[in-house]
Amino acid sequence: MKLNWFKYASPATFYPLAGKLIPWFALSAAGLTLAGLYLSFFVAPTDFQQGESYRIIFIHVPAAWMSMFIYIVMAGWAAAGLIFNTRLSSMMANALAPTGALFTFIALWTGALWGKPTWGAWWVWDARLTSELILLFLYLGFLALHAAIDDTRRADRASALLALVGVANVPIIYFSVKWWNTLHQGASVSMTMAPKMAATMLLGMLVMALACWMYSIAAALVRVRCIILEREQQAEWLAKLTQEPA
Amino acid sequence: MIWKSLDDFIAMGGYGFYVWGSYLVTATLITTEILMLRMRRRAVEKARRMQALLSEQVTHETTP
Amino acid sequence: MIRTLGHIVARDVLLAMRRRADVATTLFFFVIVASLFPLGVGPEPKLLRAMAPGILWVAALLASMLSLGRLFDADYADGSLEQLMLAPEPLALVVIGKVVAHWLISGLPLVLIAPVIALQFDLPAGSLGTLLLALLLGTPLLSLIGAIGAALTVGVRGGGVLVSLLVLPLYVPVLIFGAGAVDASATGMDASGHLSILGALLLLGMVLAPWATAAALRISLE
């Protein structure tokens, strides 16, 4: 049996496939969110040290995980687009970026709201928070660069390269900030919870993380379908322009 | 049941502002993203309809 | 190949020398930005001494970023960038040449004038050496990383501000270790760890950045 790996690499064939997949991911996301919220608010016990404020963890940590995971996937699609020259790969990278940026912002926002009651400050220059902030700038840079270039093909490839440079830089940024932070002992705060997390807490976090993941896929698929239509329309319009009867 | 009453639930042991501030903002942002996707979809469909209409007109006008 | 490199460096430096105002502007910007901070945070000597490494480095970062437009935009506008890309020499080599020239014009003057500015902040004399060394290692790295951003935005409207958004996140490690080295030295600790990492980043940058910049140029000009 011959496997055509690139069957769905054409926007034309991927479009209906994505359309069929979206409801599944959207429904999973909704279901998992409900289950996750139930676990977070009605099953997980009150934390010994932090009281009820710790419940922010059930959205903060999944959002942070997604922000990093989406960036890596986005960079993967960007690389595929550069290597194989497939338009759809670049479209997927562009479809993922806004959702990734959104989760990064949510991670930062919920982190601040968790930090205030816990550490007494809305913001600390902790290694993770600072790296997360820079990740947001990387996402915004990707989107800004793509928006600034008129030629779609050049825009796709330029932002793809930027995403890859960023992905190589993320570990460097994280470790440099970590070192910077540990040397400046004054600002160091321990972000680790009690070593043994109640099983229900961990389960709540995992379910919410899964919910965010399903949601991200659904949102990205919806967005990529919009992008496919927009570009197809642009191409048609251009073709019509050049086809005008003399 | 962890919560003794609805008031208890909303108060979140005194941390209500922070907990609900987090979850409500998240819910708002996600809802906004969904709505914006829907708007983008409608805009593209509308543009396609307009274009189909226009090209039909052009065909009518240019064919003898 | 070395001769080609020399030619490219010489050409860029010569072109820059013909427009000396551009070069001077970068330097003045550095001095002005560094001078603005005391006006903003107050003249308290202890505070300024503590903030000096950070302020000097941020000023150097911003000055370096401002001058990135000069790397490729002028050549792109008159078509010589395309010609350089068609040359038989590897594009990465051309990039290295341009980056070296950029550093000689925008980076080296900063390195030389920084100790003078540092004295304004009452930075201990002992750490001036560390400051020099850190900037010597860091400014070429800033030029290398900046080249990637400049190449991605060649000929794009509003490219200047866009380059800042793209390049500043990538500058962060340089800032952290560069300022950290001077800070360590000023407070009597050992700066060799910071300087070693800065050196390692520079080596990494020298190998990877020209290659990425060349790829970016091909994307921008195909």
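Where chains A and B meet, chain B brings 22 residues to the contact and chain A brings 28 residues. Two residues count as in contact when their C-beta atoms, placed from the backbone, lie within 7 Å. On the side of chain B that touches chain A there are eleven nonpolar, seven polar and four charged residues. Here Ala, Val, Leu, Ile, Met, Phe, Trp, Tyr, Cys and Pro are nonpolar, Asp, Glu, Lys and Arg are charged, and the others, Gly among them, are polar. Two pairs of chains are in contact, and chains A and B share the most contacts. Chains B and C do not touch, with their nearest C-alpha atoms 24 Å apart.

This is a predicted model, in which local features need pLDDT of at least 70, side-chain atom pairs count only at pLDDT 80 or more, and totals for chains, interfaces and linings use all residues. Residues are numbered from 1 along each chain as its sequence is written, while chains are lettered from A and ligands numbered from 1 in the order in which they are written.

Now look at chain A alone. It has six helices and zero strands; these are DSSP runs numbered from the N terminus (helices: H or I, at least four residues; strands: E, at least two). Its C-alpha trace spans about 80 × 40 × 40 Å along the principal axes. Helix 2 (residues 57-84) of chain A has 28 residues, and at 1.5 Å a residue it should span 40 Å, which agrees with its end C-alpha atoms being 40 Å apart. The expected span is 1.5 Å times one less than the number of residues. Just after this helix, Asn85(A) takes a positive phi of about 65°.

How confident is the predictor? The table uses pLDDT, its confidence in each residue from 0 to 100.

| Part of chain A | pLDDT |
|---|---|
| Helix 5 (residues 152-183), lowest | mean 86 |
| Helix 2, highest | mean 94 |

Over residues 185-190 of chain A the pLDDT is below 50, and this stretch has eight contacts in the model beyond near neighbours in sequence. Where pLDDT is low, the predicted coordinates should not be read in detail.

Finally, the inside. The largest nonpolar core has 152 residues, and Met74(A), Leu161(A), Leu56(C) and Ala216(C) have the most contacts inside it. Such a core is a set of buried Ala, Val, Leu, Ile, Met, Phe, Trp, Tyr and Cys residues joined through C-beta atoms within 7 Å; buried means 20 or more other C-beta atoms within 10 Å of a residue's own. Helix 6 (residues 199-242) of chain A gives the largest share of this core, 19 residues.

How values were computed:
A residue is buried if 20 or more other C-beta atoms lie within 10 Å of its own, exposed if 12 or fewer, and partly exposed in between; C-beta atoms are placed from the backbone. pLDDT is the predictor's confidence in each residue, from 0 to 100.
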